[in-house]
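Keep the viewer open as you read.

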Amino acid sequence: MTSQTESLNLPEKYPLALRILHWSMAVCFLGLFVIGFIMVDLDKEDTLRPTLFALHKSFGVLTIILLALRISVRLREALPAPQIGLSEQELHYAALAHKALYGLMIIVPLAGWAHSNFHGRDVKFFGIPLPKLFPTLDGIGNWTGDIHGYLAYGLLALVSLHIAGVIKHRFVDHNDVLRRML
Ligand code: HEM
Ligand code: HEM
């Protein structure tokens, strides 16, 4: 009785601030993947290379700032009640996937930042120099960049699963979770 009453008082959608942050961050991630894939394949002499690296780092840092805002909104505002019609198991896996997405949204940009600092390179946010968070480690090699890349691919795989889940709920199960984020 009480839990039903409580859930009736909960909003139908995610808070507006969280919806705006969700979609603006999704656009940032898309841009980061595209720029990331292109920039690593450019010739060292290509003049576009430093511009794309600087853009990639700036947007990467932007995701950290937006994520901090997103977590603070999430902790303060009421979230919608679990979607009606989903099984316990589906709710469990969706919650797990959201936690893993948050984990990777923190780790991936930090790994990129660490890779840059380990190689003695600074990180700027649209031209503003940011503090060096990690020490320079001479002769460390490029494995740190590979790790950042693999983690980014992991995030991409998880995002693909996330989108597949949303599509399945909308078109197969007719259980429209998308409404909650629009
Ligand atoms: C969530 C945010 C981020 C995503 C999704 C992302 C994604 C990627 C991807 C897909 C690549 C190409 C990997 C490859 O194919 O080898 C890449 C490379 C790179 N990223 Fe990011 N990145 C993010 C944040 C950052 C940040 C914040 C920094 C630095 C402050 C950064 C620095 C780099 C660097 C230096 C490379 C080149 C690595 C190398 O030379 O092997 N990234 N990133
Ligand atoms: C076209 C792309 C995307 C679509 C259609 C989409 C759709 C949705 C929908 C419908 C929900 C609500 C699910 C529910 O209430 O059960 C949701 C939540 C969520 N999405 Fe996405 N999403 C997309 C991209 C992304 C990306 C790129 C990320 C992160 C890298 C992400 C992370 C999350 C997280 C963490 C949640 C849980 C709610 C929260 O705490 O913010 N989504 N998404």
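The helix α4 (88–118) gives the largest share of the shell around ligand 2, namely 5 residues. Helices here are DSSP runs of H or I with at least four residues, strands are runs of E with at least two, and both are numbered from the N terminus. This is a predicted model, in which local features need pLDDT of at least 70 and side-chain atom pairs count only at pLDDT 80 or more, while totals for chains, interfaces and linings use all residues. Residues are numbered from 1 along each chain as its sequence is written, and chains are lettered from A and ligands numbered from 1 in the order in which they are written.

In total, 19 residues surround ligand 2, with A26, H98, L101, V177 and M181 the closest. A residue belongs to such a shell if its C-beta atom, placed from the backbone, lies within 6 Å of the molecule. Two or more residues each come from α2 (16–40), α4 and α5 (143–172). By type, the shell around ligand 2 has 13 nonpolar, 4 polar and 2 charged residues. Here Ala, Val, Leu, Ile, Met, Phe, Trp, Tyr, Cys and Pro count as nonpolar, Asp, Glu, Lys and Arg as charged, and the others, Gly among them, as polar.

Now turn to ligand 1. It has 24 residues around it, and G36, G60, G112, G145 and G149 come nearest. At least two residues of this shell are supplied by each of α2, α3 (48–76), α4 and α5. The shell around ligand 1 divides into 12 nonpolar, 11 polar and 1 charged.

Which residues make up the largest nonpolar core? They are M105, V108, A111, W113, A114, V123, A152 and L155, 8 residues in all. Two or more of them come from each of α4 and α5, and α4 gives the largest share, 5 residues. A nonpolar core is a set of buried Ala, Val, Leu, Ile, Met, Phe, Trp, Tyr and Cys residues joined through C-beta atoms within 7 Å. Buried means that 20 or more other C-beta atoms lie within 10 Å of the residue's own, exposed means 12 or fewer, and partly exposed is in between, with C-beta atoms placed from the backbone. Beyond its neighbours within four places in sequence, V123 is in contact with K57, V61, W113, S116 and L130; contact means C-beta atoms, placed from the backbone, within 7 Å.

K57 is also one of the buried residues of α3, along with H56, G60, T63 and R70. Their cover includes α2, α4 and β1 (124–125). Helix α3 has 29 residues and reaches 42 Å from its first C-alpha to its last, close to the 42 Å expected at 1.5 Å a residue, where the expected span is 1.5 Å times one less than the number of residues.

On helix α5, look for L158. Is L158 buried, exposed or partly exposed? L158 counts as partly exposed because it has 17 C-beta neighbours inside 10 Å. Leaving out residues up to four places away in sequence, L158 touches A97, A100, L101 and L104. L158 and H98 are 60 residues apart in sequence and 9.4 Å apart in space, C-alpha to C-alpha.

Finally, a word on the backbone. Most residues other than glycine have a negative phi. F126, in the loop between β1 and β2 (128–129), has a positive phi near 45 degrees. H174, in the segment after α5, has a positive phi near 50 degrees. F126 is exposed, with 11 other C-beta atoms within 10 Å, and H174 counts as exposed with 8 C-beta neighbours inside 10 Å.

Notes:
Contact = placed C-beta atoms within 7 Å.
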